[in-house]
Amino acid sequence: MIRHLLSLGEKSGFSTTEIHREKTEQQEFHQINGSLSIHSSQSDTYSARCFKEAGDPLGFIISDPTTITAKRAFANIAAAGFPEKTKNIAHLLPAAVKKTNLQIFDPIIETWPTPQFDLLTTQINEYISLFKGLKLKDLKFYKTLKKIYIANSKGLTAKYKRTFFNLVLTIHYEDNIVEINERRPFFQHLDPHRLIARGATLLDSLADPAEAEPDTKHIVLAPEASISILREFSGYFKYTQRKRNPRLHFAQELSIVDDKSQPGLSGSVPFDDEGIQAEAHYIIDKGIFRAPISDIDASAHHRHWSSGNGFRSPQSPFPQIKFSNLFIKPGTYELPALLSEASRGVLVLLVKLRQIDGDGVVFSAYGFPFSDADIHRHHPVRLLIKTSFQSYFLNIKRLSREIKYLHRQFNIGSPSLLLEGRFNDQNLFVI
């Protein structure tokens, strides 16, 4: 059908046609209050982006196309366009991609045994019982198979398949509740024990916290907290018309990367939805801001090579700039070394966005005080952190060697970070 659609595009008067097909099979297991529900869904969607000799592209989305429905769709967009003289990006579409052996598909999904979920829930309940007072409120588990096909009239024909296994737990202790999740391409990489232990630690930090000491000058952000802040500032790492991207130099230890070619990570793909080959793209390289992520259109506008971050959504036939695996590259320090260098401060485990004020943001933060490498886990504290994109990354002093990844809209990773700041008159810890 894809070759047939390319032929119909040519017959409809388009000089270049690009077809993207996505087949999805998903099964959701939802257990709440001992009751289990299972929901299965399938979709098969074709997206067409069509170029004339000049002017912006036109496009449509269609499910399970036939020759009749496809001809009608091409006729509708051909009639909707107006003659334009502006140059478009059709000549930049790739004609081929290299074959890769990226490990993002787990064959267990094709022979999924029914008792597998029962075994998973048994493990989760056993782990929960190890933490006194911890209760499981809600459990969701998703297994997803995606098959991606892409072709264009310049000769490109490529495909790949990928799997996701996503575990989402809602747990509570007394009056506090947290939702924790883990998403991996391979089922055996899910670690419920590690996930529950992380959730228990987060709940401990929320248990009647006191105010942080006003003479605090250093904080260490655990990966979960750093990931939340990195996601809030991630818009600066895209080419956009609204924001001018900074040309700044940061600490030499800081590198921020978007890498689609990492095996075993949920954001990895062999190529993006425009057929651009996957590779590591350094946004900040050893303290120097290089180039934000882009798709072909944005890169042409800014006279730069595409970073291969053009991905489609089910709502639009046109690619949008999206992250794959965005992460802060780890450093060389162990966590105790970061704590010792700060001497005393707060280990922040959880941050929540509280307020956006222009380019600045305020986070509610929760964690434990520390002195040297000793973390006082029985004395949780809270504080308000105020920072901005520039000041936040300029004040990163050290990075740990351990990195963790979480799926927060996209796959995102970070080591622990040591930062310097101060309390101001409004009782805000300003970085």
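## Helix 1 and its end

Helices here are DSSP runs of H or I with at least four residues, strands are E runs of at least two, and both are numbered from the N terminus. This is a predicted model: local features need pLDDT of at least 70, side-chain atom pairs count only at pLDDT 80 or more, and totals for chains, interfaces and linings use all residues. Residues are numbered from 1 along each chain as its sequence is written, and side-chain values use heavy atoms, with hydrogens and water left out.

Helix 1 has buried residues Ile2, Leu5, Leu6, Leu8 and Gly9. Seen down the helix axis, they fall within an arc of 160°, so they line one face of helix 1. The arc is taken over the directions from the helix axis to the C-beta atoms. The face turned away from this buried side carries exposed Arg3, Glu10 and Lys11. Buried means under 20% relative accessible area, exposed over 50%, and partly exposed in between, with a 1.4 Å probe and protein chains only. The cover over the buried residues of helix 1 includes strand 1, strand 2, helix 2 (67–80) and strand 4.

Six strands make an open sheet with antiparallel pairing, in the order 3-2-1-4-5-6. Strand 3 (58–63) and strand 6 (176–184) are at the edges with a single partner strand each, so one side of each has no neighbour in the sheet. The twist averages 20° from one strand to the next. Two strands pair if DSSP finds at least two bridges between them.

Strand 1 (residues 16–32) pairs with strand 2 (residues 35–51) in the antiparallel sense over 17 bridges. Thr17 has Cys50 of strand 2 as its bridge partner.

## Helices on the sheet

Helix 1 (residues 2–11) lies across strand 1, strand 2, strand 4 (135–152) and strand 5 (157–173), at about 140° to strand 1. Helix 4 (residues 192–205) also packs on the sheet. Helix 4 touches strand 5 and strand 6, and its direction makes about 150° with that of strand 6. Axes are lines fitted to C-alpha atoms, for helices over the stretch in contact, and angles run from 0 to 180 degrees between N-to-C directions.

Helix 1 and helix 2 pack at about 40°, with axes 10 Å apart. Their contact (heavy atoms within 4.5 Å) is made by His4, Leu5, Leu8 and Gly9 of helix 1 and by Thr67, Ala70, Lys71 and Phe74 of helix 2.

## Nonpolar cores

The largest nonpolar core has 47 residues. Ile219, Phe237, Ile256, Leu383 and Phe393 have the most contacts inside it. Such a core is a set of buried Ala, Val, Leu, Ile, Met, Phe, Trp, Tyr and Cys residues joined through side-chain atoms within 4.5 Å. Another core, of 39 residues, lies apart; Ile128, Leu167, Ile196 and Ile375 are among them.

Ala222 sits in the loop between strand 8 (218–221) and helix 5 (223–232). Ala222 is buried, with a relative accessible area of 7%. Its C-alpha atom is 6.9 Å from that of Leu347, 125 residues apart along the chain. Leaving aside neighbours within four places in sequence, Ala222 contacts Leu347, Val348, Leu349 and Ser416.

Strand 12 (residues 310–313) and strand 13 (residues 316–321) form a hairpin with two residues between them.
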